[in-house]
Amino acid sequence: MVDVDWNAIEDEALEHFQTLLRFDTTNPPGDVAAATRYIAEVLGREGISSTVLEAAPGRTNLVARLSAGDPNDALMISAHLDVVPAERERWTHPPFAAEIHDGYLWGRGAIDMKHMAVFGLMALVLLRRLGVELRRDVVLAAIADEEAGMEYGSKWLVSHHPDLIAGRWCLGEVGGFTMHVGGQRVYPIQRAEKGIVWLKMTTSGTPGHGSMPHRDNAVVKLSRALSRLAARPLPRHRNEPVQGMIADLGKAAGFPLSIPLRLISVPILGDWVLDRLPGSDLPPLLSALLHDTACPTGLVAGQKENVIPSAASVVLDCRILPGSSLDALMSEIRQAVREDVTFEVIQASDPVVHEDDTPLFDVIRQVLSERDPGCHVLPTCIVGYTDGASYRKLGYTTYGFAPIRLPPDLVFSQLFHGHDERIPVAGFKWGLRTFFEVVRRFCA
Ligand SMILES: [Zn+2]
(Lines give C-alpha, C1' and ligand atoms only; values in the text may rest on other atoms or scores of the structure.)
Protein backbone atom coordinates (compact mmCIF):
# COMPACT_ATOMS: atom_id res chain seq x y z
CA MET A 1 0.00 0.00 0.00
CA VAL A 2 1.10 3.57 -0.63
CA ASP A 3 2.21 5.62 2.32
CA VAL A 4 -0.26 8.48 2.68
CA ASP A 5 -2.22 10.09 5.50
CA TRP A 6 -5.29 7.99 4.90
CA ASN A 7 -7.30 9.58 7.70
CA ALA A 8 -7.10 12.97 6.02
CA ILE A 9 -7.81 11.46 2.59
CA GLU A 10 -10.85 9.61 3.92
CA ASP A 11 -12.27 12.78 5.46
CA GLU A 12 -11.71 14.65 2.23
CA ALA A 13 -13.44 11.88 0.26
CA LEU A 14 -16.36 11.82 2.69
CA GLU A 15 -16.88 15.54 2.23
CA HIS A 16 -17.01 15.16 -1.57
CA PHE A 17 -19.40 12.25 -1.13
CA GLN A 18 -21.79 14.27 1.04
CA THR A 19 -21.71 17.16 -1.40
CA LEU A 20 -22.51 14.86 -4.33
CA LEU A 21 -25.36 13.20 -2.44
CA ARG A 22 -26.93 16.61 -1.79
CA PHE A 23 -27.34 17.31 -5.50
CA ASP A 24 -30.76 15.92 -6.36
CA THR A 25 -29.93 14.06 -9.57
CA THR A 26 -33.18 12.07 -9.74
CA ASN A 27 -33.81 10.62 -13.18
CA PRO A 28 -36.17 11.72 -14.64
CA PRO A 29 -35.30 14.50 -15.25
CA GLY A 30 -31.72 13.31 -14.64
CA ASP A 31 -30.10 16.71 -14.26
CA VAL A 32 -26.50 16.03 -13.22
CA ALA A 33 -24.99 19.31 -14.42
CA ALA A 34 -24.25 20.69 -10.93
CA ALA A 35 -22.67 17.40 -9.86
CA THR A 36 -20.37 17.23 -12.90
CA ARG A 37 -19.46 20.91 -12.38
CA TYR A 38 -18.44 20.11 -8.84
CA ILE A 39 -16.24 17.19 -9.91
CA ALA A 40 -14.64 19.31 -12.65
CA GLU A 41 -13.80 21.98 -10.04
CA VAL A 42 -12.21 19.51 -7.65
CA LEU A 43 -10.13 18.04 -10.48
CA GLY A 44 -9.22 21.53 -11.68
CA ARG A 45 -7.80 22.43 -8.28
CA GLU A 46 -5.35 19.54 -8.69
CA GLY A 47 -4.41 20.68 -12.18
CA ILE A 48 -6.40 17.89 -13.88
CA SER A 49 -8.44 19.08 -16.83
CA SER A 50 -11.71 17.48 -17.79
CA THR A 51 -14.18 17.63 -20.65
CA VAL A 52 -17.84 18.20 -19.82
CA LEU A 53 -20.33 17.49 -22.60
CA GLU A 54 -24.06 18.07 -22.48
CA ALA A 55 -25.89 15.30 -24.33
CA ALA A 56 -29.32 16.79 -23.51
CA PRO A 57 -30.40 19.61 -21.17
CA GLY A 58 -28.87 18.87 -17.75
CA ARG A 59 -27.59 15.48 -18.88
CA THR A 60 -23.89 16.19 -18.81
CA ASN A 61 -21.01 13.73 -19.06
CA LEU A 62 -17.57 14.40 -17.62
CA VAL A 63 -14.44 12.68 -18.88
CA ALA A 64 -10.96 13.23 -17.42
CA ARG A 65 -7.82 11.35 -18.36
CA LEU A 66 -4.40 10.99 -16.78
CA SER A 67 -2.32 10.09 -19.81
CA ALA A 68 0.56 7.68 -19.61
CA GLY A 69 0.77 5.38 -22.60
CA ASP A 70 -1.41 3.86 -25.28
CA PRO A 71 -4.88 5.42 -24.85
CA ASN A 72 -6.44 2.21 -26.13
CA ASP A 73 -5.08 0.30 -23.12
CA ALA A 74 -6.55 2.74 -20.57
CA LEU A 75 -8.38 1.80 -17.41
CA MET A 76 -11.66 3.70 -17.20
CA ILE A 77 -13.56 4.25 -13.97
CA SER A 78 -17.21 4.72 -14.87
CA ALA A 79 -19.81 6.06 -12.45
CA HIS A 80 -23.25 7.34 -13.29
CA LEU A 81 -24.34 10.38 -11.30
CA ASP A 82 -28.09 10.09 -11.82
CA VAL A 83 -30.23 8.26 -9.27
CA VAL A 84 -33.66 6.66 -9.22
CA PRO A 85 -36.55 8.56 -7.56
CA ALA A 86 -36.95 8.38 -3.78
CA GLU A 87 -40.31 8.45 -1.98
CA ARG A 88 -39.23 10.96 0.66
CA GLU A 89 -42.04 10.16 3.10
CA ARG A 90 -40.95 6.51 3.27
CA TRP A 91 -37.39 7.32 4.34
CA THR A 92 -36.14 7.37 7.95
CA HIS A 93 -33.75 10.24 7.09
CA PRO A 94 -34.15 12.58 4.11
CA PRO A 95 -32.75 11.15 0.84
CA PHE A 96 -30.88 14.28 -0.30
CA ALA A 97 -29.47 15.63 2.98
CA ALA A 98 -26.48 13.25 3.28
CA GLU A 99 -26.86 12.98 7.05
CA ILE A 100 -24.72 10.62 9.10
CA HIS A 101 -26.53 8.64 11.80
CA ASP A 102 -25.09 5.76 13.83
CA GLY A 103 -22.19 5.26 11.49
CA TYR A 104 -24.25 5.30 8.29
CA LEU A 105 -24.34 7.95 5.61
CA TRP A 106 -27.90 8.19 4.28
CA GLY A 107 -28.87 9.23 0.80
CA ARG A 108 -30.19 8.24 -2.59
CA GLY A 109 -27.09 7.28 -4.53
CA ALA A 110 -25.10 6.18 -1.48
CA ILE A 111 -24.49 2.75 -3.02
CA ASP A 112 -25.88 3.35 -6.54
CA MET A 113 -23.45 4.84 -7.21
CA LYS A 114 -22.08 8.18 -6.10
CA HIS A 115 -19.62 6.42 -3.81
CA MET A 116 -17.93 5.13 -6.95
CA ALA A 117 -17.80 8.64 -8.44
CA VAL A 118 -15.88 9.65 -5.32
CA PHE A 119 -13.57 6.62 -5.60
CA GLY A 120 -12.80 7.61 -9.18
CA LEU A 121 -12.37 11.29 -8.34
CA MET A 122 -10.05 10.52 -5.43
CA ALA A 123 -8.10 7.99 -7.49
CA LEU A 124 -7.21 10.66 -10.05
CA VAL A 125 -6.53 13.26 -7.36
CA LEU A 126 -4.25 10.93 -5.39
CA LEU A 127 -2.37 9.59 -8.39
CA ARG A 128 -1.62 13.18 -9.39
CA ARG A 129 -0.87 14.44 -5.89
CA LEU A 130 1.46 11.56 -5.05
CA GLY A 131 3.17 11.82 -8.39
CA VAL A 132 2.57 8.15 -9.10
CA GLU A 133 4.30 7.13 -12.30
CA LEU A 134 1.69 5.52 -14.54
CA ARG A 135 2.22 2.98 -17.28
CA ARG A 136 -1.43 2.96 -18.25
CA ASP A 137 -3.90 5.85 -18.75
CA VAL A 138 -6.51 6.27 -16.04
CA VAL A 139 -9.83 7.75 -17.16
CA LEU A 140 -12.74 8.96 -15.07
CA ALA A 141 -16.17 8.97 -16.73
CA ALA A 142 -18.78 10.57 -14.46
CA ILE A 143 -21.88 10.28 -16.54
CA ALA A 144 -25.60 10.86 -16.92
CA ASP A 145 -28.67 8.82 -17.64
CA GLU A 146 -27.87 5.26 -16.64
CA GLU A 147 -31.16 4.89 -14.78
CA ALA A 148 -33.25 5.85 -17.81
CA GLY A 149 -31.63 3.57 -20.38
CA MET A 150 -28.21 5.22 -20.96
CA GLU A 151 -29.33 7.13 -24.08
CA TYR A 152 -27.66 10.42 -23.01
CA GLY A 153 -24.87 8.82 -20.99
CA SER A 154 -22.67 5.87 -21.89
CA LYS A 155 -24.45 5.08 -25.18
CA TRP A 156 -24.12 8.71 -26.24
CA LEU A 157 -20.42 8.81 -25.39
CA VAL A 158 -19.81 5.58 -27.28
CA SER A 159 -21.52 6.81 -30.43
CA HIS A 160 -20.48 10.51 -30.34
CA HIS A 161 -17.11 10.61 -28.56
CA PRO A 162 -15.43 7.19 -28.82
CA ASP A 163 -11.94 8.78 -28.93
CA LEU A 164 -12.52 10.64 -25.68
CA ILE A 165 -13.27 7.40 -23.84
CA ALA A 166 -10.83 5.15 -25.70
CA GLY A 167 -9.58 2.35 -23.49
CA ARG A 168 -9.48 -1.37 -22.83
CA TRP A 169 -10.46 -1.92 -19.19
CA CYS A 170 -13.36 -0.57 -17.20
CA LEU A 171 -14.48 -0.70 -13.60
CA GLY A 172 -18.20 -0.07 -13.11
CA GLU A 173 -21.05 -0.96 -10.83
CA VAL A 174 -22.69 -4.00 -9.20
CA GLY A 175 -19.82 -5.77 -7.53
CA GLY A 176 -17.21 -5.61 -4.82
CA PHE A 177 -19.65 -5.36 -1.89
CA THR A 178 -19.71 -7.91 0.93
CA MET A 179 -22.28 -10.69 0.73
CA HIS A 180 -22.58 -12.93 3.75
CA VAL A 181 -23.31 -16.49 2.62
CA GLY A 182 -23.31 -19.42 5.00
CA GLY A 183 -21.09 -17.49 7.43
CA GLN A 184 -18.54 -16.66 4.71
CA ARG A 185 -17.76 -13.28 3.16
CA VAL A 186 -18.19 -13.30 -0.58
CA TYR A 187 -17.38 -10.45 -2.99
CA PRO A 188 -19.27 -10.73 -6.27
CA ILE A 189 -17.51 -9.18 -9.25
CA GLN A 190 -19.81 -8.69 -12.18
CA ARG A 191 -18.44 -10.07 -15.45
CA ALA A 192 -21.62 -10.82 -17.42
CA GLU A 193 -25.00 -9.19 -17.98
CA LYS A 194 -28.24 -10.52 -19.39
CA GLY A 195 -29.52 -8.90 -22.57
CA ILE A 196 -32.64 -6.76 -22.60
CA VAL A 197 -35.58 -7.40 -24.91
CA TRP A 198 -38.68 -5.25 -24.55
CA LEU A 199 -41.52 -6.75 -26.57
CA LYS A 200 -45.07 -5.85 -27.36
CA MET A 201 -47.04 -9.08 -27.74
CA THR A 202 -50.42 -8.85 -29.45
CA THR A 203 -53.39 -11.17 -29.88
CA SER A 204 -55.99 -10.54 -32.57
CA GLY A 205 -59.69 -11.37 -32.66
CA THR A 206 -63.04 -10.49 -34.18
CA PRO A 207 -64.42 -7.08 -33.25
CA GLY A 208 -68.04 -6.77 -32.16
CA HIS A 209 -70.58 -5.31 -29.76
CA GLY A 210 -69.94 -5.82 -26.07
CA SER A 211 -73.57 -6.81 -25.55
CA MET A 212 -73.00 -10.01 -27.54
CA PRO A 213 -69.86 -11.81 -26.30
CA HIS A 214 -68.32 -14.28 -28.73
CA ARG A 215 -65.44 -16.73 -28.57
CA ASP A 216 -62.86 -14.90 -30.70
CA ASN A 217 -62.18 -12.07 -28.20
CA ALA A 218 -58.62 -10.66 -28.35
CA VAL A 219 -58.72 -9.60 -24.68
CA VAL A 220 -59.70 -13.08 -23.51
CA LYS A 221 -57.02 -14.68 -25.69
CA LEU A 222 -54.39 -12.32 -24.30
CA SER A 223 -55.32 -13.06 -20.71
CA ARG A 224 -55.19 -16.82 -21.44
CA ALA A 225 -51.78 -16.35 -23.00
CA LEU A 226 -50.53 -14.38 -20.00
CA SER A 227 -51.70 -16.86 -17.41
CA ARG A 228 -49.90 -19.65 -19.31
CA LEU A 229 -46.77 -17.52 -19.54
CA ALA A 230 -46.82 -16.86 -15.79
CA ALA A 231 -47.54 -20.49 -14.85
CA ARG A 232 -43.96 -21.69 -15.23
CA PRO A 233 -40.52 -20.40 -16.12
CA LEU A 234 -39.34 -20.45 -19.74
CA PRO A 235 -36.98 -23.35 -20.59
CA ARG A 236 -33.65 -23.51 -18.76
CA HIS A 237 -30.43 -22.44 -20.41
CA ARG A 238 -27.04 -23.72 -19.43
CA ASN A 239 -24.52 -20.95 -19.76
CA GLU A 240 -20.94 -20.77 -18.62
CA PRO A 241 -20.89 -17.57 -16.54
CA VAL A 242 -23.90 -18.67 -14.49
CA GLN A 243 -22.89 -22.32 -14.04
CA GLY A 244 -19.45 -21.20 -12.88
CA MET A 245 -20.97 -18.65 -10.55
CA ILE A 246 -23.33 -21.14 -8.90
CA ALA A 247 -20.56 -23.70 -8.49
CA ASP A 248 -18.25 -21.09 -6.91
CA LEU A 249 -21.04 -19.85 -4.66
CA GLY A 250 -21.62 -23.42 -3.44
CA LYS A 251 -17.92 -23.83 -2.69
CA ALA A 252 -17.76 -20.52 -0.80
CA ALA A 253 -20.94 -21.18 1.20
CA GLY A 254 -19.94 -24.73 2.18
CA PHE A 255 -22.27 -27.32 3.73
CA PRO A 256 -25.32 -27.32 3.93
CA LEU A 257 -26.10 -24.63 1.32
CA SER A 258 -23.68 -26.25 -1.13
CA ILE A 259 -26.08 -29.21 -1.56
CA PRO A 260 -29.12 -27.36 -2.97
CA LEU A 261 -26.81 -25.09 -4.95
CA ARG A 262 -25.37 -28.16 -6.64
CA LEU A 263 -28.84 -29.64 -7.21
CA ILE A 264 -30.30 -26.59 -8.92
CA SER A 265 -27.94 -27.18 -11.82
CA VAL A 266 -29.50 -30.61 -12.45
CA PRO A 267 -32.00 -30.03 -15.30
CA ILE A 268 -34.97 -32.10 -14.12
CA LEU A 269 -34.56 -31.31 -10.42
CA GLY A 270 -33.44 -27.72 -10.58
CA ASP A 271 -36.69 -25.80 -10.64
CA TRP A 272 -38.19 -27.98 -7.92
CA VAL A 273 -35.19 -27.32 -5.65
CA LEU A 274 -35.24 -23.64 -6.52
CA ASP A 275 -38.82 -23.30 -5.26
CA ARG A 276 -37.76 -24.75 -1.92
CA LEU A 277 -34.60 -22.73 -1.26
CA PRO A 278 -34.71 -20.72 1.98
CA GLY A 279 -34.74 -16.91 1.95
CA SER A 280 -36.68 -14.48 -0.17
CA ASP A 281 -33.83 -13.02 -2.23
CA LEU A 282 -31.92 -15.99 -3.57
CA PRO A 283 -34.66 -18.05 -5.32
CA PRO A 284 -35.96 -15.32 -7.70
CA LEU A 285 -32.40 -14.23 -8.43
CA LEU A 286 -31.16 -17.74 -9.22
CA SER A 287 -34.29 -18.44 -11.26
CA ALA A 288 -33.64 -15.32 -13.34
CA LEU A 289 -30.07 -16.54 -13.88
CA LEU A 290 -31.15 -19.96 -15.12
CA HIS A 291 -33.94 -18.92 -17.48
CA ASP A 292 -34.73 -16.26 -20.00
CA THR A 293 -37.51 -14.23 -18.39
CA ALA A 294 -40.61 -12.48 -19.75
CA CYS A 295 -42.33 -10.22 -17.26
CA PRO A 296 -45.61 -8.46 -18.17
CA THR A 297 -45.34 -4.78 -17.24
CA GLY A 298 -48.15 -3.08 -19.19
CA LEU A 299 -51.46 -3.73 -20.99
CA VAL A 300 -53.11 -2.01 -23.92
CA ALA A 301 -56.59 -3.01 -25.10
CA GLY A 302 -59.95 -1.52 -25.90
CA GLN A 303 -61.18 2.00 -26.67
CA LYS A 304 -64.78 1.98 -25.48
CA GLU A 305 -66.80 0.06 -22.92
CA ASN A 306 -69.20 -1.53 -25.41
CA VAL A 307 -66.79 -2.42 -28.22
CA ILE A 308 -64.91 -5.72 -28.41
CA PRO A 309 -61.47 -4.68 -29.70
CA SER A 310 -59.83 -6.50 -32.60
CA ALA A 311 -56.46 -6.55 -30.82
CA ALA A 312 -55.02 -6.64 -27.31
CA SER A 313 -51.38 -6.16 -26.35
CA VAL A 314 -49.07 -6.64 -23.43
CA VAL A 315 -45.65 -5.13 -22.91
CA LEU A 316 -43.11 -7.72 -21.81
CA ASP A 317 -39.83 -6.87 -20.12
CA CYS A 318 -37.70 -9.85 -21.19
CA ARG A 319 -34.11 -10.63 -20.24
CA ILE A 320 -32.03 -13.14 -22.15
CA LEU A 321 -29.06 -15.13 -20.91
CA PRO A 322 -25.64 -15.35 -22.50
CA GLY A 323 -26.03 -17.90 -25.31
CA SER A 324 -29.68 -17.05 -25.93
CA SER A 325 -31.11 -14.79 -28.63
CA LEU A 326 -34.13 -12.74 -29.60
CA ASP A 327 -35.39 -15.46 -31.96
CA ALA A 328 -34.96 -18.18 -29.35
CA LEU A 329 -36.83 -16.08 -26.81
CA MET A 330 -39.79 -15.42 -29.12
CA SER A 331 -40.13 -19.09 -29.97
CA GLU A 332 -39.98 -20.00 -26.25
CA ILE A 333 -42.74 -17.49 -25.52
CA ARG A 334 -44.87 -18.77 -28.43
CA GLN A 335 -44.62 -22.32 -27.08
CA ALA A 336 -45.51 -21.19 -23.57
CA VAL A 337 -48.57 -19.10 -24.44
CA ARG A 338 -50.12 -21.51 -26.99
CA GLU A 339 -52.00 -18.68 -28.72
CA ASP A 340 -51.54 -17.01 -32.05
CA VAL A 341 -49.50 -13.95 -31.13
CA THR A 342 -47.45 -11.36 -32.98
CA PHE A 343 -44.42 -9.51 -31.60
CA GLU A 344 -43.12 -6.02 -31.98
CA VAL A 345 -39.60 -5.41 -30.69
CA ILE A 346 -39.48 -2.15 -28.72
CA GLN A 347 -35.83 -2.44 -27.76
CA ALA A 348 -33.23 -5.21 -27.77
CA SER A 349 -29.64 -5.54 -26.69
CA ASP A 350 -27.45 -8.63 -26.55
CA PRO A 351 -26.21 -10.29 -23.38
CA VAL A 352 -22.60 -9.48 -22.53
CA VAL A 353 -19.85 -11.75 -21.21
CA HIS A 354 -16.33 -10.62 -20.27
CA GLU A 355 -13.41 -13.00 -19.72
CA ASP A 356 -12.46 -13.27 -16.07
CA ASP A 357 -9.01 -14.67 -16.80
CA THR A 358 -7.34 -11.26 -17.15
CA PRO A 359 -4.60 -9.24 -15.39
CA LEU A 360 -7.22 -6.80 -14.06
CA PHE A 361 -9.30 -9.57 -12.53
CA ASP A 362 -6.14 -10.99 -10.95
CA VAL A 363 -5.35 -7.64 -9.34
CA ILE A 364 -8.91 -7.37 -7.98
CA ARG A 365 -8.63 -10.87 -6.49
CA GLN A 366 -5.24 -10.14 -4.99
CA VAL A 367 -6.21 -6.81 -3.40
CA LEU A 368 -9.50 -8.16 -1.99
CA SER A 369 -7.73 -11.10 -0.39
CA GLU A 370 -5.30 -8.67 1.27
CA ARG A 371 -7.96 -6.20 2.38
CA ASP A 372 -10.33 -8.89 3.70
CA PRO A 373 -8.31 -12.03 4.40
CA GLY A 374 -10.25 -15.27 4.00
CA CYS A 375 -12.91 -13.78 1.74
CA HIS A 376 -14.12 -15.40 -1.48
CA VAL A 377 -14.16 -13.59 -4.82
CA LEU A 378 -17.05 -14.60 -7.04
CA PRO A 379 -17.28 -13.76 -10.78
CA THR A 380 -20.99 -13.14 -11.42
CA CYS A 381 -23.62 -12.60 -14.06
CA ILE A 382 -26.23 -9.95 -13.25
CA VAL A 383 -29.87 -9.93 -14.29
CA GLY A 384 -29.97 -6.17 -14.88
CA TYR A 385 -27.86 -3.95 -17.09
CA THR A 386 -25.10 -1.43 -16.59
CA ASP A 387 -23.06 1.01 -18.65
CA GLY A 388 -20.59 -1.83 -19.18
CA ALA A 389 -22.87 -3.16 -21.94
CA SER A 390 -22.50 0.14 -23.86
CA TYR A 391 -18.71 0.18 -23.57
CA ARG A 392 -18.50 -3.35 -24.97
CA LYS A 393 -18.93 -1.84 -28.44
CA LEU A 394 -15.54 -0.13 -28.03
CA GLY A 395 -13.86 -3.38 -27.01
CA TYR A 396 -13.89 -2.76 -23.28
CA THR A 397 -13.67 -5.50 -20.68
CA THR A 398 -15.79 -4.26 -17.77
CA TYR A 399 -16.06 -5.59 -14.25
CA GLY A 400 -18.51 -4.55 -11.58
CA PHE A 401 -16.19 -3.39 -8.83
CA ALA A 402 -17.35 -0.55 -6.60
CA PRO A 403 -16.16 -1.97 -3.29
CA ILE A 404 -18.03 -1.49 -0.01
CA ARG A 405 -17.54 -3.51 3.14
CA LEU A 406 -20.99 -4.36 4.48
CA PRO A 407 -21.95 -5.91 7.83
CA PRO A 408 -24.08 -9.11 7.81
CA ASP A 409 -27.34 -7.28 8.59
CA LEU A 410 -27.10 -4.98 5.57
CA VAL A 411 -28.16 -6.62 2.30
CA PHE A 412 -26.99 -4.82 -0.81
CA SER A 413 -29.91 -5.88 -2.99
CA GLN A 414 -32.41 -4.40 -0.52
CA LEU A 415 -30.66 -1.03 -0.45
CA PHE A 416 -30.25 -0.88 -4.23
CA HIS A 417 -33.14 1.34 -5.45
CA GLY A 418 -34.83 0.74 -2.07
CA HIS A 419 -36.01 3.08 0.68
CA ASP A 420 -33.39 4.11 3.24
CA GLU A 421 -30.41 3.69 0.90
CA ARG A 422 -27.33 4.15 3.06
CA ILE A 423 -23.71 3.15 3.36
CA PRO A 424 -21.64 2.38 6.44
CA VAL A 425 -19.04 5.16 6.67
CA ALA A 426 -16.39 2.63 7.69
CA GLY A 427 -17.35 0.40 4.73
CA PHE A 428 -17.05 3.36 2.38
CA LYS A 429 -13.59 4.21 3.69
CA TRP A 430 -12.54 0.59 3.35
CA GLY A 431 -13.82 0.66 -0.23
CA LEU A 432 -11.96 3.87 -1.04
CA ARG A 433 -8.60 2.38 -0.09
CA THR A 434 -9.36 -0.98 -1.66
CA PHE A 435 -10.37 0.67 -4.91
CA PHE A 436 -7.36 2.97 -5.00
CA GLU A 437 -5.02 0.05 -4.44
CA VAL A 438 -6.52 -1.83 -7.41
CA VAL A 439 -6.16 1.20 -9.67
CA ARG A 440 -2.62 1.93 -8.49
CA ARG A 441 -1.45 -1.65 -8.83
CA PHE A 442 -2.99 -2.10 -12.27
CA CYS A 443 -1.85 1.21 -13.74
CA ALA A 444 1.36 2.21 -11.97
ZN1 LIG B 1 -26.46 2.14 -10.83
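In which order do the 3 strands of the open sheet lie? I found the order S4-S5-S19, with antiparallel pairing. Strands here are DSSP runs of E with at least two residues, helices are runs of H or I with at least four, and both are numbered from the N terminus. Two strands pair if DSSP finds at least two bridges between them.

I noted that this is a predicted model, where local features need pLDDT of at least 70 and side-chain atom pairs count only at pLDDT 80 or more, while totals for chains, interfaces and linings use all residues. Residues are numbered from 1 along each chain as its sequence is written.

S5 (residues 104–106) pairs with S19 over 3 bridges, and Tyr104 stands opposite Pro424 in S19.

Entry on two helices. I looked up H1 (residues 6–22) and H14 (residues 425–443), whose axes come within 10 Å and cross at roughly 110°. Axes are lines fitted to C-alpha atoms, for helices over the stretch in contact, and angles run from 0 to 180 degrees between N-to-C directions. H1 is therefore roughly perpendicular to H14 (65 to 115 degrees counts as such).

Entry on domains. The assignment, automatic or from a database, gives domain 1 (6–191 + 352–443) and domain 2 (193–347). I noted 32 Å between their centres, taken over C-alpha atoms. In domain 1, 20 residues are in contact with 19 residues of domain 2 (contact: C-beta atoms, placed from the backbone, within 7 Å). S17 gives the most to that side of domain 1, with 6 residues.

Terms used. Angles under 35 degrees count as roughly parallel, over 145 as roughly antiparallel, 65 to 115 as roughly perpendicular and the rest as oblique. Two residues are in contact if their C-beta atoms, placed from the backbone, lie within 7 Å.
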